[in-house]
Structure formats: structure tokens, C-alpha cells
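Let's take a walk through this structure together, starting with how its parts touch. Have a look at the picture first, then read on.

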Amino acid sequence: MSERHDSSGAASVSRRGFLKGVGAGTAATALLSPVALREAQAAANGGVLGPDEIPITLRINGRNRQLRVEPRVTLLDALRNRLDVTGPKKVCDRGTCGACTVLVDGQPAYSCSMLAVEAEGRAITTVEGLGTPERMNAVQKAFVKHDAQQCGFCTPGFVTAATAFVRKNPNASPDEICKGLGGNLCRCGTYAGMLLAVADAAKGRV
Amino acid sequence: MAKVDWPAAEQRSIIGKRIDRADGSVKATGAAKYSFDINRPAMLWAKVLSSPHARAEVVSIDTAAAEKMPGVKGVWKDDAIVGKEVLYVGQIVAAIAAETEEAATEAIHHVKVEYKPLQHQVRDADPALFQGDPAKRENGNVDEALGKADLVHTGYYGVPVITHCCLEPHGQVAELRDGELYVWPSTQSVFGYGDRGLADAAGVPQNKIHVDCQYMGAGFGSKFNPGKWGVISAALAKTSGRPVKLMLDRDLELAIAGNRPSGFAKIKVGATKDGNITAFDCEVWGTAGMSGGPPDLMPYVFDKMPDQRRTVKRIATNRGPSAAWRAPRHPQNCYLTMSALADTAAALKMDELEFFLKNIELTKRPEFDAPKVYTEELKLAAEMIGWKNKAHLRGAGGPGPVKSGLGLSLHTWGGQGHGSECDVTISPDGSVEAKIATQDLGVGTRTCIAMVVAETLGLPHEVVKVQIGKNEFPRSGGSGGSTTIGGISVSSRRAATDALNEVLAKVAPRLGAEPDALEAKEGVIRVAADPKKKITWKNACGMLGVTAVTKRGVNVPGDSAKANLTSAGVGGVQMADVSVDVETGVVTLNELVAVQDCGLVINVKLAESQVFGGMIMGITSALYEEAVYDAKTGRMLNADMEFYRLAGIKDVGKLKVHMMTTPDYEKRGVIGLGEPPVISPAAAIGNAVANACGVRVPNLPLTPDRVLAALSQKGGVV
């Protein structure tokens with residue numbers, strides 16, 4: 001008896017696993033970026049993009065980066081594996097924990113649940129684009145001040161999500177902050193400092 | 001000469017203060033490179049294949065088709081397992097290294113493994129599953145003592161297996177270069193990581209392993225050793241001749257990379273009618289996978305009643321192996337014991353706090369004056385949570401469907417510093433550097449080393465360059481059992497003191513005083529009795545000529561304990577305030593307060609963070625966490641982060657922390673803090689839920705279905 005199975009043995013299909021599977025075989029154009037070039041490429045290939053690597057350009061933290069990816073590659077894997085942009089972290093890899101959060105045209109998005117080819121033509125901002133250790137943004141400064149991090153593996157996702165949140169919600173109440181950061185998870189237990197940090201950043205008190 | 005003893009509070013300028021973590025800005029900006037983030041030139045990606053069966057004979061492993069897949073550069077298979085049995089779902093049997101992560105993921109599915117499935121067993125909640133002779137221990141005569149008791153409470157309680165769920169998974173990058181193995185692992189034991197298994201897999205002597213772990217995404221007890229995945233990546237680096245990154249995917253991480261043993265218990269507590277505990281009898285069972293057993297520290301903390309008995313049954317299961325989980329054994333024992341004691345108080349119609357205080361002499365232990373510490377802490381915690389105004393007898397949680405309740409718990413831990421060595425170098429230009437082969441799991445180790453050295457030398461902490469995370473530095477223990485802070489603070493204190501004394505000897509003649517009369521404070525070296533006689537730090541170091549001073553400080557735990565630099569044994573108390581909706585079964589944590597002792601606190605800010613973190617992990621285990629196994633397939637059903645649920649920011653309620661930092665506590669030296677605060681939350685919350693809704697919800701986590709089931713046994717809504 002021989003069997004084919006996934007690495008865990010768990011019988012589960014995530015949305016992202018589904019996307020990857022589709023990308024590997026017969027990527028439907030409907031799932032892809034509306035960029036005309038891609039449509040033209042797909043049209044020339046019987047409506048299929050890939051499965052081989054194609055050249056794409058991603059605008060990351062204000063810089064155009066050219067790379068080759070298979071259409072099934074997620075934005076997160078493209079950033080981390082192809083471009084060495086490792087601020088966004090791979091944790092759950094299925095849109096639960098938020099550690100991979102980036103801003104796409106200013107909106108927070110789980111980069112594990114978006115294909116790299118979908119991100120073409122859009123402005124991608126990762127945690128590295130929000131500040132540097134020497135010049136942190138308000139949220140990053142507040143995270144340091146209130147010690148809103150321990151191991152720090154969830155921190156880039158939280159900082160990115162929180163930055164988008166405070167831009168939209170100045171003077172947010174603690175309840176609003178809890179809702180706003182509900183899409184991210186921390187294991188070390190840094191929520192107490194985080195609540196203070198985001199409240200401070202929302203008030204510009206950093 | 002400068003002395004190594006910890007300075008008293010009024011003489012300190014850095015130790016005991018609230019100082020931001022040194023690497024906060026690096027982490028908050030994504031600049032910190034974790035092991036998972038290391039990308040080496042020409043690096044391959046490895047993916048593993050694991051058993052889908054909880055128990056099966058492996059007939060054959062065929063990698064031929066996978067080897068022909070595009071991009072595949074390395075193959076590993078477990079030849080030793082062929083003809084033998086895999087013992088749990090997720091046991092790794094093969095691995096592929098390929099040019100890209102996608103290629104490796106695809107190729108691994110083309111490895112063909114033939115299994116002959118065998119009968120498996122993954123259940124752990126029924127003591128009848130135990131075979132053999134249980135481990136028994138009895139002091140006094142328990143049956144007689146229970147017979148004489150005014151009241152005997154009999155209860156059942158349970159804590160399931162939970163996992164570590166480190167956000168950075170287990171794994172490493174491995175690279176063989178010029179006959180030496182370079183590894184970048186996610187580990188909590190930098191010095192001990194380069195072990196024999198890794199050396200053999202790479203075909204290098206053990207002293208040719210270079211370990212580098214600057215930032216790691218938590219371990220909680222599960223990341224001391226390379227593990228099978230580490231060994232495989234080293235083997236693949238050897239066969240492929242390329243660097244290899246192998247990090248576990250989340251499903252496998254949850255199923256096999258760390259399991260905390262379960263603990264279930266039937267408990268009898270005998271008491272007098274005025275509330276003195278007279279006897280304790282328990283039967284405990286649970287699983288730690290194929291080997292090891294359930295917690296066996298029963299009764300917990302209140303363990304000095306003369307008549308006590310425990311019977312322990314270790315249930316073997318075809319589940320992933322267990323790993324030390326923050327405060328090994330304590331949280332389970334704590335929950336089982338504190339639940340039974342609170343139920344005894346309720347049966348006696350006594351206030352829980354009054355009952356615990358009444359029996360506080362049962363907590364006596366040799367390391368510290370536990371009854372005194374717990375009494376002080378209970379009183380403080382009660383004030384913080386408003387016990388006096390809010391407390392009520394069990395079941396009197398208010399008239400509406402949402403009932404309120406309070407609960408409490410006590411815990412203890414050792415936490416003496418481990419063996420540690422540190423080199424401190426003072427250079428003629430005045431710069432200072434400390435090197436230790438330790439690791440920072442996110443607790444602030446880097447920061448604390450800088451603070452201790454800076455305090456010793458009278459300098460600002462920012463000027464001390466701290467180098468950790470490499471096994472080429474002086475030896476230091478793994479970060480387990482809350483032993484790091486005691487170890488590294490003593491070794492760095494000793495090294496800095498010895499190095500300073502060399503500088504003092506050089507400058508003493510210039511200041512016209514004996515070295516003994518000098519002190520290093522506020523960036524100068526000065527005569528203690530005549531502070532105007534001074535020399536700046538920089539000029540003092542200039543007198544070293546061209547030779548830097550390097551001194552090695554060593555923490556020998558026994559010696560340091562005698563000198564009160566670090567010691568073992570702390571007490572902590574936590575109290576919870578919950579609301580329980582008896583119509584929906586939903587438990588809401590309103591507030592959790594923690595009062596904690598850990599000797600001399602190096603950095604109060606980071607210490608509080610540790611306690612907050614422990615509380616939140618404990619809350620998560622109380623309300624959400626359980627590794628759910630399917631008896632039929634033997635699989636973990638929730639090996640993902642949707643259904644293996646962690647508490648989010650909205651779930652944790654209001655948290656308050658108080659650290660005991662008076663001279664009485666500080667005089668015991670530096671004691672570790674990682675474990676203690678995670679022990680009590682589940683017990684305190686469980687007791688609060690029972691207090692609110694009038695019935696004990698015996699099994700963690702306290703999910704709505706369990707709350708409703710417990711209420712229905714009592715006869716529905718109260």
C-alpha cells in the first residue's frame with residue numbers, strides 16, 4: 001500500500017493551499033492581477049499563467065524590485081525567499097495570525113494569503129518601510145517604550161497592522177484598539193504593553 | 001577593590017530600574033534577523049514527509065520519483081525506520097532539499113512510502129487505559145485520616161495536552177564550509193546546541209560546529225536540541241554541498257515539536273469543620289506520548305499535611321513526544337490541587353481566601369519562608385482585586401444570567417542561576433564589551449547583561465556592547481527553568497568587577513588613594529570618601545596603555561547561592577475575576593492580578609513583561625488550548641492556528657502585576673522569573689468560574705460547551 005499525503009497528515013485544505021494548488025496546475029486568470037500584461041501573457045498561453053516562473057515587478061517600500069516567480073508563489077514567500085525582505089514573518093501561513101501583515105496600497109493585508117502576481121502594480125509596504133532602528137515611526141517608538149514585544153516574532157505584523165489602524169483611528173479607545181488588532185496573534189503575551197503602545201501612538205504621544 | 005555583592009537599592013543607578021529593552025528598536029522595525037530569516041547564498045529549501053499513521057510498520061521508502069523532480073538537489077530518508085514502526089502521526093520519514101520552497105513542497109509528495117498500519121492508541125482521559133503497576137507514594141495513614149475528617153471532598157479535574165506553538169517554528173539553516181558546520185538554529189540553548197547528532201550528520205567533529213542564534217521566535221522549553229529536523233538539514237547540507245534551510249510547517253510544528261503532558265486526577269481532601277486540611281489522596285493519570293508521564297508533584301504547594309497519598313498512572317499514547325513546557329509539571333499540578341482545595345472551601349461554606357490563609361503553614365519549604373511570603377502576597381493581591389468587596393460564597397454570583405466570581409491560586413518555582421561564564425573587556429579607549437554564549441528568548445537577556453556590567457562600572461547601560469548567541473563565546477547554560485537571569489547576571493557581575501579592579505589598581509596612585517578606597521560611579525572613578533578626587537572613565541582606561549583588560553566571570557551556582565548572588569525558590573499568588581454567562585457558557589476574564597517574588601529584579605520593566613506574558617499564556621491554557629486528537633485516525637484535529645486557538649488582545653481582560661522588591665526579597669539575590677507566572681492563571685480562573693456559576697467545570701479549557709455541561713449536571717441554570 002502506498003499513499004500520497006501532505007507533510008502533516010492533516011486532512012485539511014486552507015484557502016492558501018487551495019490557491020497554491022490552483023497556481024501549480026491551471027491558474028485561472030480570474031484569480032490574478034488585472035494588469036493587462038498578465039492577461040495578454042495568459043491569453044497567449046490558452047488562458048493559463050505559468051506554471052513556470054514569470055518575470056514580475058513589485059513595488060516594495062517605494063522601490064521597484066524585479067524577480068521571477070511561479071504564479072503560485074505567495075507575496076509573503078516572494079518577499080522572504082526571493083527578495084530577502086524578512087520583516088513579514090511566516091507563522092500560520094493561512095491567514096490567521098497576522099505575522100505576515102503588509103500594507104497594500106495603504107491597507108493591511110495578509111501577505112501569506114495573496115499571490116505575488118496579484119500584488120503587481122500596487123504599493124507594498126512592509127515593516128521595514130515604516131521605519132528604521134534609527135528613525136522609527138510613532139507606533140514602533142511606542143512599542144519600544146511600552147515593551148510591547150518579547151520574542152518579537154509577531155511584532156512586525158502587529159506594528160504594520162497598528163500603523164494602518166492608528167492612521168485611520170486617531171484617539172481610538174481601548175475597545176476599538178482590541179477590535180483593530182484582532183487579526184493578529186502573539187504567543188509570548190505582550191498584549192498589555194501593546195494596548196498602551198497603540199493608544200499612545202493613536203494620540204501621537206510618542 | 002570593588003566587591004561582587006549586589007549593591008543596596010540606594011546605591012544603585014541602573015539595576016532595579018525600568019529600562020527599555022536594548023534590541024527593542026531592531027525588533028520593532030523588522031531589522032532583527034531571526035533564524036528563519038537567514039538566507040544564505042545558493043541556499044536550498046527542505047521539506048519533510050511524515051507519517052500519516054499513528055502507528056504503522058514502514059515497509060519501504062522510495063525517493064526515486066522525487067529525485068527526478070525539477071529543482072531537487074538533496075534527498076534524505078530514514079533508512080533505520082524501514083522494517084520498524086512509526087509511533088505517531090507526523091513522525092518524519094523523508095526530506096527533500098530543492099532550489100525553491102515550492103519545488104521542495106511539490107517533490108516531497110512524490111516520495112512513496114509503503115506502510116502497514118497497526119493498532120494505535122491516542123486517548124489519555126480514561127485511567128482504565130493504563131496498564132501495569134502505578135507509581136505510589138504514601139505518607140502517614142490516609143484512609144484513617146480521611147475517616148476521621150469532618151468533611152471529605154471528592155473531586156475530578158483534568159488538564160489536556162497543550163502544545164508550545166512557538167511563533168517561529170523549529171528548524172535551522174545549515175551550511176558546510178571547509179570542513180566546518182555553520183548552523184543558524186532557532187534555539188534556547190546556544191552553547192549546548194551543537195551536539196553529537198548534528199556533528200555525525202554533517203560528518204564533522206563536534207568542535208567544528210558554529211552555532212549562531214541572534215534572534216529567536218520563542219521556545220518555552222521545546223528548543224534545546226537540534227531535533228530530527230536539525231539533524232536532517234545538516235545531512236542534506238552535506239549531501240547537497242549547499243546551505244539548507246529546514247523550518248517545520250505550522251501543522252507539523254503543532255503536532256510534533258512540543259507537547260505538554262496532560263494531567264487528570266481524582267482527588268479526596270479531608271478537612272476539619274473549621275477549615276484545616278487534614279488529608280490528601282489523589283489518583284493522577286495522563287500522557288506524555290510514548291514515554292514519560294503525567295505531572296507528579298501532587299499535592300502542589302500545600303504539601304505538608306502529614307497524611308497524603310498519590311497514585312500515578314502513565315498512559316502511553318501514539319502522539320508526538322512531549323517537551324518541557326514553561327514550568328514543567330507545575331501548571332497541571334497547580335490546577336488539580338488548587339481546584340480541589342477551593343472545592344473543599346466551598347463545601348465548608350468558607351471564603352476561599354480565608355481557607356487558603358488558614359492552611360498556609362502547609363506551604364513550608366526549606367528554600368524560603370513560604371508561609372510568610374504567601375501571606376504577604378495574598379493580602380496584596382486581595383487588595384489589588386478588591387477581594388473584600390467582591391468576594392461571595394460559591395454560586396452567589398448575582399441574580400441575572402451573567403454571574404461573577406473570584407478565584408485564587410498559589411505557585412512556586414526554583415529559578416537559581418545556571419552555570420555561566422562571561423568575558424568582560426575594558427579597552428584603553430574606554431569601550432566595554434561583554435561576551436556570553438547565552439541567548440535572548442525575548443526576555444531581555446541582552447539588556448540585563450548590559451545593565452549589570454554598566455552598574456558595576458558606573459557607566460550608562462547603552463555604552464556596553466553585548467555579544468551573545470554564538471557558541472564561540474564563553475559557556476553558559478540553556479534557557480530553561482528560569483535559570484538564565486541568575487546565571488548571566490552573576491557571571492557578568494563577576495567579570496565586570498574583576499576587570500574594574502584592574503583599572504582601579506592602575507588609577508589608584510594618580511588619585512593618591514588605595515584601590516579599596518575607590519568607586520566607579522557616574523562615568524568617573526573617584527575616591528569614595530572624597531568624590532572631588534576623580535578621573536573620567538575614559539582617562540582612567542587610557543592608563544591601561546595599549547593592553548585591554550579581559551576578565552572571565554564564572555557563576556558556580558552553589559557558591560553564588562552561599563554568597564546570596566542567586567538562589568532558588570520563589571512564591572507567587574494570582575487572583576482572577578470572571579463573568580460567566582450561564583445561558584451561553586461563555587467565560588469572560590475581567591481581571592487577573594499577579595503578585596510575584598523573584599529576588600533582586602534587574603529590570604523591573606522587563607520583569608513585569610515576563611509576568612504579563614506568563615499570565616496571558618496561562619489565560620490561553622485556561623480558556624482555549626487543547627490538542628484535540630481523533631481516536632480513530634490518531635490525528636491531531638486542530639494542528640493549525642484557527643482551531644488551536646491562542647488568546648487575542650481582546651480576550652485577556654485587565655491585567656495587574658506587582659513585583660515584591662523590598663530589601664527582604666532582594667537579599668536573596670537574582671532569581672529567575674520565566675516559569676512562575678504561567679503556573680497559576682488556569683487554577684485561579686477555574687476557581688473563579690466555579691465561584692461564579694456554582695459548579696466546578698472540571699476540564700480545561702473552560703469552553704462554553706464544558707461550562708454548559710457542568711451546569712446541566714447540576715440541574716441547569718442556577
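How many residues of chain A are in contact with chain B, and how many of chain B with chain A? In this predicted model, 62 residues of chain A meet 69 residues of chain B. On the chain A side, the elements that each give two or more residues are β1 (2-3), α3 (75-82), α4 (138-145), α5 (155-168), α6 (174-180) and α7 (191-202). Sort the chain A side by class and you get 26 nonpolar, 22 polar and 14 charged residues.

Now for chain A on its own. Chain A is split into domain 1 (15-126) and domain 2 (138-202). Where these two meet, 13 residues of domain 1 of chain A are in contact with 10 residues of domain 2 of chain A. Two strands of chain A, β4 (101-104) and β5 (107-110), are the elements giving two or more residues to the domain 1 side. Of these, β4(A) gives the most, with 3 residues. The domain 1 side holds 7 nonpolar, 5 polar and 1 charged residues.

Chain B comes in three pieces: domain 1 (9-31 + 416-562), domain 2 (35-119 + 170-247) and domain 3 (259-415 + 568-714). The centres of domain 2 of chain B and domain 3 of chain B, taken over C-alpha atoms, sit 38 Å apart. Their contact takes 10 residues from domain 2 of chain B and 13 residues from domain 3 of chain B. On the domain 2 side of that contact there are 5 nonpolar, 4 polar and 1 charged residues.

| Domain 1 of chain A, touching domain 2 of chain A | 7 residues | 5 residues | 1 residue |

Finally, zoom in on a pair of helices in chain B. At what angle do α16 (residues 604-623) and α18 (residues 681-693) of chain B pack? The angle is about 50°, and the axes are 8 Å apart. That angle is why α16(B) counts as oblique to α18(B). The crossing of α16(B) and α18(B) is right-handed. From α16(B), the contact uses M615(B), G618(B), I619(B), S621(B) and A622(B), while α18(B) brings P681(B), A682(B), I685(B) and G686(B). By class, this helix contact has 6 nonpolar, 3 polar and no charged residues.

Technical notes:
Residues numbered from 1 in each chain as written. Chains lettered and ligands numbered in written order. Predicted model: local features only at pLDDT ≥ 70, side-chain atom pairs only at ≥ 80, totals over all residues. Contact = placed C-beta atoms within 7 Å. Helix = DSSP H or I, 4+ residues; strand = E, 2+ residues; numbered from the N terminus. Nonpolar A, V, L, I, M, F, W, Y, C, P; charged D, E, K, R; others polar. Domains from an automatic or database assignment. Axes fitted to C-alpha atoms, helices over the stretch in contact; angles between N-to-C directions. Parallel < 35°, antiparallel > 145°, perpendicular 65-115°, else oblique. Left-handed = near helix turned anticlockwise from the far one by under 90°.
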